[in-house]
Amino acid sequence: MFSVNEKVLFENGQEGYVSRIRDMLKIEYGESPKASVVTFGCQQNVSDSEHLKGILFSLGYSITDNLEEADFIIYNTCAVREHAQDRVYGNIGKVKGYKKKKPNLIAAVCGCMAQQEIVAEKIKKSYPYIDIVFGTQVSHRLPEFIYKRLSGSKRIFELSLPNEPIVEDVPVLRDGKFKGWLPIMNGCNNFCTYCIVPYVRGRERSREPQKILDEAKAMIEAGYKEITLLGQNVNSYGKGCEHGVTFAKLLRMINDIEGDFVIRFMTSHPKDCTEELLETIRDCKKVSRHLHLPFQSGSSRILKLMNRYYDRETYLSLIKKAKELIPDVSLTSDIIVGFPGETYEDFKETLSLVKEVEFSSLFTFIYSPRNNTPAASMPDIISRKEKGKWFDELLRLQEEIAEKNIEKYIGKTYRVICDDFGSSEGYMSGHTNGTAVVEFKADEEMLGRFVDIKINSYEGVFKGEIIN
Ligand code: SAH
Ligand code: SF4
Ligand code: F3S
């Protein structure tokens, strides 16, 4: 179910802590100390949390979802929108109560939100029961932080952002048995004017291709059927590196690994999405025919203010090319509604782009001002209520498109991984190109296997049957 390589903790400067922590944990909590990892935010954070669980497991903790029974709780946080941060504050506030019941509980906050100085300060002042706070680039040092706290050290705050190469071989305890995340890079250099990610994740750093290939091979040998490559902007993988391997080349290398598996990836930035990449998706049989290509706004004027380095026309010609080269491609996107200075006329261009492209699904967000980003100081006169109306209009349009497109699926056959239980007894489910859910009659033992499903109808979800 997971792979934990304890040896690695001995290779990244944490070696001195491991055995000492084990002994200390036994004294403090008995034979089976328990740890919980609470995750907010994107897939990158989910993957980071899998590594935190790997480290905790190597230290002797067993992992539990029940926070009330945990001896160590870590909140891995997200800062991308205000709402994400509010949720975190609500959650960490509960630690006070947990500590009343279990005074030797240790609580930590890490991740993108914690990386901001202003947040760390707030935790320092207003959440005195949080013991450890650390940022996005030092999580492999978790043993050191726990050791210091167990040895009676005061609260620990470690927010440095060294921007050094990604630390390799950190233990990992993956959540899924047959679908797994594989980070290929970290950080972002794009500085879209609304976005906090470059500030909290630091500079873009790519892993060595050989390390990625080794990990992919190990995952396939362990039975993983789907590998999703992760990065804030996977299309710029390898930029500035000596190895000269582009993202397209990396995809081909992974595609050449023996075995029956699917490769997915996110996120692609339209400015770096090349024809070479589209041809690679077309040519590589193991690469899913899915492209998540956030366009953010349909208005070239707003795209310029967002610092996105493409305009409406370039985006649309990229989509045209993608549809030409990969006729069965499934397209998804992210959109921001109500960027500062956006007028209803600009927003109508977003609507018309959505109408023209017909995405399989959309992730839509109302603009949320982020600390110290350029957009946060741009004049923003449209009220939240008005933005809400635009947002609803966009949702309605996408619903109409989705409804109209249902017909396109009926009668088609998809190769899917049987990845979950269906909504009723005797049914299982899977995803077509990773986007639409389909249910079919199958036994539990099909879980994790590939099946060819012919879609027959739509009843809230697609219903189909196994044809092999
Ligand atoms: N690296 C990815 C996305 C990272 S954040 C990319 O470049 O596309 C995920 C999504 O959150 C973004 O695509 C954007 O649509 C949204 N987002 C980022 N900052 C935001 C903000 N300040 N307000 C609202 N939505 C935001
Ligand atoms: Fe944020 Fe832009 Fe980087 Fe994506 S590419 S993480 S939206 S700055
Ligand atoms: Fe959030 Fe950080 Fe991801 S800000 S969206 S968890 S990169």
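The model is predicted: local features need pLDDT of at least 70, side-chain atom pairs count only at pLDDT 80 or more, and totals for chains, interfaces and linings use all residues. Residues are numbered from 1 along each chain as its sequence is written, chains are lettered from A and ligands numbered from 1 in the order in which they are written, and side-chain values use heavy atoms, with hydrogens and water left out.

**Ligand 1**

- The shell around ligand 1 holds 15 residues, and Y194, Q232, Q296, D334 and S368 come nearest. A residue is near a molecule if one of its heavy atoms lies within 4 Å of it.
- Those shell residues divide into 7 nonpolar, 4 polar and 4 charged. Ala, Val, Leu, Ile, Met, Phe, Trp, Tyr, Cys and Pro count as nonpolar, Asp, Glu, Lys and Arg as charged, and the others, Gly among them, as polar.
- Strands β13 (330-337) and β14 (361-366) each supply at least two residues of this shell. Strands (E, at least two residues) and helices (H or I, at least four) are DSSP runs, numbered from the N terminus.
- A polar backbone atom of Q232 lies 2.8 Å from a nitrogen atom of ligand 1.
- For Y194, a polar backbone atom is 3.0 Å from a nitrogen atom of the ligand.
- R81 places a polar side-chain atom 3.0 Å from an oxygen atom of ligand 1.
- On its own, ligand 1 has 540 Å² of accessible area, and the protein covers 90% of that. Areas come from the Shrake-Rupley method with a 1.4 Å probe.

**Ligand 2**

- The residues around ligand 2 include C188, C192, C195, H269 and R308. Y194 and Q232 are also among them.
- This shell divides into 7 nonpolar, 3 polar and 1 charged.

**Helix α9**

- In α9 (residues 247-255), the buried residues are F247, A248, L250, L251, I254 and N255. Buried means under 20% relative accessible area (1.4 Å probe, protein chains only).
- These residues lie on the same side of α9, because they cover an arc of only 160° around the axis. The arc is that of the directions from the helix axis to the C-beta atoms.
- Their cover includes α8 (209-221), β10 (226-230), β11 (262-266) and α10 (275-283).

**Q137**

- Q137 sits in the loop between β5 (132-134) and α6 (142-150).
- Q137 counts as buried because its relative accessibility is 11%.
- The Q137 side chain reaches the backbone nitrogen of N163 at 2.7 Å. The side chain also reaches the backbone oxygen of R201 at 3.1 Å.

Note on methods:
Polar contact = N/O pair within 3.5 Å; in protein donor to acceptor, adjacent residues only side chain to side chain. Buried < 20%, exposed > 50% of the residue type's maximum accessible area, 1.4 Å probe, protein only. Contact = heavy atoms within 4.5 Å.
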